[in-house]
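Open your viewer and keep the sequence panel beside it. We will go from stop to stop, selecting a few residues each time.

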Amino acid sequence: MYLRRFSLDDAVAYAKAYSDVTVMKFIGDGTWVRPAEEVHEVIAEYQKTYVSHPDLGYWAIIDRDSDQLIGDAGLSPLIQTGEIEVGYLLRKDFWGKGLATELVGALLKHAIESLGIAQVVAVIDPRNLNSIAVVKKCGMREGEPGVYHNRDSLKYLFP
Ligand SMILES: CC(C)(COP(=O)(O)OP(=O)(O)OC[C@H]1O[C@@H](n2cnc3c(N)ncnc32)[C@H](O)[C@@H]1OP(=O)(O)O)[C@@H](O)C(=O)NCCC(=O)NCCS
């Protein structure tokens, strides 16, 4: 896999993840899923952050073997606190292959070592056991729970 910035041409491929209610169930407050014809608007928002925060934002995940866009991952300021949050989602047919663990590990390393960010957080719905397993495997530790993106969330910190 590698990450690159989104372009509006990615909308059809990205909809395979962003328009899937199963993938989107625990993203944001649970209402962020969008019909395929609106996914270009999500990408346009990401493109604004490439300008306002050139080191941060959400990037497309590209599978090197098939050259397909298989999800998104990124670092962005958490709205409520300004802390840097790691976020990620994958198309369902790419779950269970260890990809998220590899991605989150690489993003944490990049944030700390290349961007000089002191601490990265992840906020996760307590029912999202997959995602909790991922952040634990990446060495994130549990902090104080709270309400983030309008939902009761666990918070994980690195370091
Ligand atoms: C969360 C997500 C990115 C994980 O991707 P993934 O590539 O399947 O994750 P990995 O394969 O790296 O690891 C998943 C781990 O969860 C574990 N897991 C899966 N289902 C589980 C369950 N019900 N209970 C506990 N652990 C579970 C897997 O066993 C695996 O751990 P292991 O490698 O030790 O066996 C993917 O499920 C996804 O896109 N979900 C929807 C979007 C989302 O919720 N994003 C995170 C928001 S905080």
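Start in the loop between β7 (146-148) and β8 (151-158), where you will find H149. Helices (H or I, at least four residues) and strands (E, at least two) are DSSP runs, numbered from the N terminus. Before you click further, note that this is a predicted model, in which local features need pLDDT of at least 70 and side-chain atom pairs count only at pLDDT 80 or more, while totals for chains, interfaces and linings use all residues. Residues are numbered from 1 along each chain as its sequence is written.

Most residues other than glycine have a negative phi, and most peptide bonds are trans. H149 is partly exposed, with 19 other C-beta atoms within 10 Å. On this scale a residue is buried if 20 or more other C-beta atoms lie within 10 Å of its own, exposed if 12 or fewer, and partly exposed in between, with C-beta atoms placed from the backbone.

Next, select D67 in the loop between β2 (57-63) and β3. D67 also has a positive phi, near 65 degrees, and is not a glycine. Is D67 buried or exposed? It is exposed, with 7 other C-beta atoms within 10 Å.

For a cis peptide bond, select F158 and P159: the bond joins these two, with omega about -10 degrees. P159 sits in the segment after β8.

**Helix α1 and its partner**

Now colour α1 (residues 11-18) and α3 (residues 39-52). Their axes are 9 Å apart and the helices pack at an angle of about 100 degrees; axes are lines fitted to C-alpha atoms, for helices over the stretch in contact, and angles run from 0 to 180 degrees between N-to-C directions. The two helices are therefore roughly perpendicular to each other, the label for angles of 65 to 115 degrees (under 35 counts as roughly parallel, over 145 as roughly antiparallel, and the rest as oblique).

Show the side chains where they meet: A11, Y14, A15 and Y18 from α1, with V39, H40, V42 and I43 from α3. Contact here means that the C-beta atoms of two residues, placed from the backbone, lie within 7 Å. The residues of this contact divide into seven nonpolar, one polar and no charged. In these classes, Ala, Val, Leu, Ile, Met, Phe, Trp, Tyr, Cys and Pro count as nonpolar, Asp, Glu, Lys and Arg as charged, and the others, Gly among them, as polar.

Which residues of α1 are buried? They are A11, Y14, A15, A17 and Y18. They cover an arc of only 160 degrees around the axis, which puts them on the same side of α1; the arc is that of the directions from the helix axis to the C-beta atoms. Their cover includes α2 (21-24), α3, β3 (68-77) and β4.

From there, move to L69 in strand β3. L69 counts as buried, with 22 C-beta neighbours inside 10 Å. Leaving aside neighbours within four places in sequence, L69 is in contact with D10, A13, Y14, A60, I61 and I62.

**Helix α5**

Select α5 (129-137) next. Its buried residues are S131, V134 and V135. They cover an arc of only 90 degrees around the axis, which puts them on the same side of α5. These buried residues pack against α4, β5 and β8.

Setting aside its neighbours within four places in sequence, I132 is in contact with I124 and L154. Following α5 comes G139, with a positive phi near 85 degrees.

**Around the ligand**

For the last stop, show the ligand and the 21 residues around it; W95, A100, T101, L129 and A133 come nearest. A residue is near a molecule or strand if its C-beta atom, placed from the backbone, lies within 6 Å of it. Which helix supplies the largest share of this shell? The helix is α5, with six residues. β4 (84-90), α4 (99-114) and α5 each supply at least two. By class, the shell has 13 nonpolar, six polar and two charged residues.
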